[in-house]
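Subject: Structure handover

Hello,

Here is the structure we talked about. Please open it beside this email and follow along.

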Amino acid sequence: MSVETNAKVHWIAACAPDDIDEEDVMRFDHDGASYAVYRIAEGYYASDGWCTHEHAHLADGFVINREIECPLHQGRFDIPSGKAKSAPVCVHLKTYPVRVEDGEVLLGLPVQDAS
Amino acid sequence: MPSTSAVDSTTAPSPSDPSFDARIAEQWYQPRIPRAVLKELMKRDDAAGLRNFIPWFALLVASGAVAAFTWGTWWAVPAFFVYGTIYSSSDARWHELSHGTPFKTRWINDAFYHLSSFMTIREGYWWRWSHARHHTHTYFQTRDPEIQVTRPTKVLPIVADFAGLVGCTLEIGKVVRHAFGRVDAATDAFLPASEKPKMIWSCRIYLAVVLGTIALALALHSFLPLMFVWTPRFYGGWLHQLLGLTQHAGLAVNVKDHRLNTRTVHTNFVFRFLYLNMNYHLEHHLLPMVPFHALPRLHDAIKDQLPPAYPSVYAAYREMLPALWKQRSDPKHVIERTLPAA
């Protein structure tokens, strides 16, 4: 797994661009944490993997336009911003920068979160 | 056919065990289904939703018009029976809309959600959060707020709720209390503070509409206006209770496998239309993000992993009623479902 470091984040390779279908989400586990990586019309995005409401992984959920719907209670988050959009989720989702380079989808994880 | 037997359910979780809540969501049985198939089933479609909701609403209005026309004659009895039955199927709509799945467009979903919540006397904000707990803790005693049949069985409330006498009466009391800002500790425990003002104002709107209807009845010197709002949940609630009881009653409690505590029951087109396919209740609990119109297809995709569906409502009751009767004196008795080999 390639790791590139700058002053604020480590860029961690999560997958190849085609590993995620359009309008879909994939789970990515790294260094004891779990993330959800999204592919929507606007591009690739990433967030914490676990719903902020209860223990359900968003990679098991459903992408609708720019939103991810939790599989357990159907609460929704805005994918680019992580903003909680509909009950029963109230707490926003932490998001991470993503870039696609050299055939890889890279997640920008804070230095303390990256290995 | 599944058989009944005296199998021990697991122990109810302690109300003061916070680790149980953290663990349970990841421990439920999940069926095997390819992601591509599931994605197709999860798709939201306004047209599919409207194909049910528009005819339903048209039938509601038409049956109401016929019922009003027959008021004062004996024809009003069957006419209001039909209207009340259609009206009470707003409860199935409230349920499905609370999951946000019937429509792709959120405002359509929300508009029908608040309308059906009012109609079925389930205040929308309170019940959205309450129902989330039902899905997290399905049929776990001390946790699930929607266990319809207590253990040991109390027969009278079950029978009385065919006329909504227990459930709807409790809900009216709750709406009145909340409208005056009297919120109990149990509600505070699961309703976020940000939702409480919305719930209180929602209850006030409910009360205003009902009080307006009462005022109209007084002005007209006629009970007729009251026959259209809330009272149908009493005189027309039989089908809701008939089908609702098949969801979980008599099955295992405190188990982490919906196949053991939830039923799927095949039934006729009219009931499926009014009940929004919630007769596929096991599939709904396994994968609640699948909308009602896709539940028959989901059933076909995973039925080899499930206990056999009941062939009819009659078949479900033929097994359920003796079990409920026995649970009056033996609360450990449950209907045991046979799981397919892994």
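Which residue in strand 4 of chain A is the bridge partner of Met26(A)? Val37(A) is that partner. Some ground rules come before the rest.

This is a predicted model, where local features need pLDDT of at least 70, side-chain atom pairs count only at pLDDT 80 or more, and totals for chains, interfaces and linings use all residues. Residues are numbered from 1 along each chain as its sequence is written, while chains are lettered from A and ligands numbered from 1 in the order in which they are written.

**Chain A**

Chain A has 12 strands and zero helices. (Helices are DSSP runs of H or I with at least four residues, strands are runs of E with at least two, and both are numbered from the N terminus.) The radius of gyration, taken over C-alpha atoms, is 13 Å for chain A. That is close to the 13 Å that the globule rule gives for 115 residues, so chain A is as compact as a globular protein of that length. The rule is 2.2 Å times the number of residues to the power 0.38. The C-alpha trace spans about 40 × 30 × 20 Å along its principal axes.

Now back to the strands. Strands 3-4-5-10 of chain A, in that order, form an open sheet with antiparallel pairing. (Two strands pair if DSSP finds at least two bridges between them.) Strand 3 (24-30) and strand 10 (95-96) are the edges, and each pairs on one side only. Strand 3 meets strand 4 (residues 33-40) through seven bridges, in the antiparallel sense.

**The cores**

Buried residues make up 43% of the 115 residues in chain A. (Buried means that 20 or more other C-beta atoms lie within 10 Å of the residue's own; exposed means 12 or fewer, and partly exposed is in between; C-beta atoms are placed from the backbone.) A nonpolar core is a set of buried Ala, Val, Leu, Ile, Met, Phe, Trp, Tyr and Cys residues joined through C-beta atoms within 7 Å. The largest one has 70 residues. Ala36(A), Val37(A), Tyr38(A), Ala46(A) and Leu107(A) touch the most other members. Leaving aside neighbours within four places in sequence, Ala46(A) is in contact with residues including Tyr35(A), Thr95(A) and Val98(A). (Contact means C-beta atoms, placed from the backbone, within 7 Å.) A second, separate core of 15 residues includes Leu245(B) and Met320(B).

**Where the chains meet**

How many residues of chain B are in contact with chain A? There are 18, and they touch 16 residues of chain A. Helix 2 (35-42) and helix 7 (124-136) of chain B each supply at least two residues of that side. Helix 7 gives the largest share, five residues. The side of chain B divides into eight nonpolar, six polar and four charged residues. (Ala, Val, Leu, Ile, Met, Phe, Trp, Tyr, Cys and Pro count as nonpolar; Asp, Glu, Lys and Arg as charged; the others, Gly among them, as polar.)

**One residue in chain B**

Look at Phe292(B), in the loop between helix 16 (281-286) and helix 17 (295-302). Why does Phe292(B) count as buried? Because Phe292(B) has 24 C-beta neighbours inside 10 Å. Beyond four places in sequence, Phe292(B) touches Glu96(B), Thr101(B), Pro102(B), Leu276(B) and Asn277(B).

**Confidence**

The model scores ipTM 0.83 and pTM 0.90. Chain B has a mean pLDDT of 93, and 92% of its residues reach 70 or more. (pLDDT is the predictor's confidence in each residue, from 0 to 100.) Over residues 1-9 of chain B, pLDDT stays under 50. Where pLDDT is low, the predicted coordinates should not be read in detail.

Best wishes

Conventions. Two residues are in contact if their C-beta atoms, placed from the backbone, lie within 7 Å.
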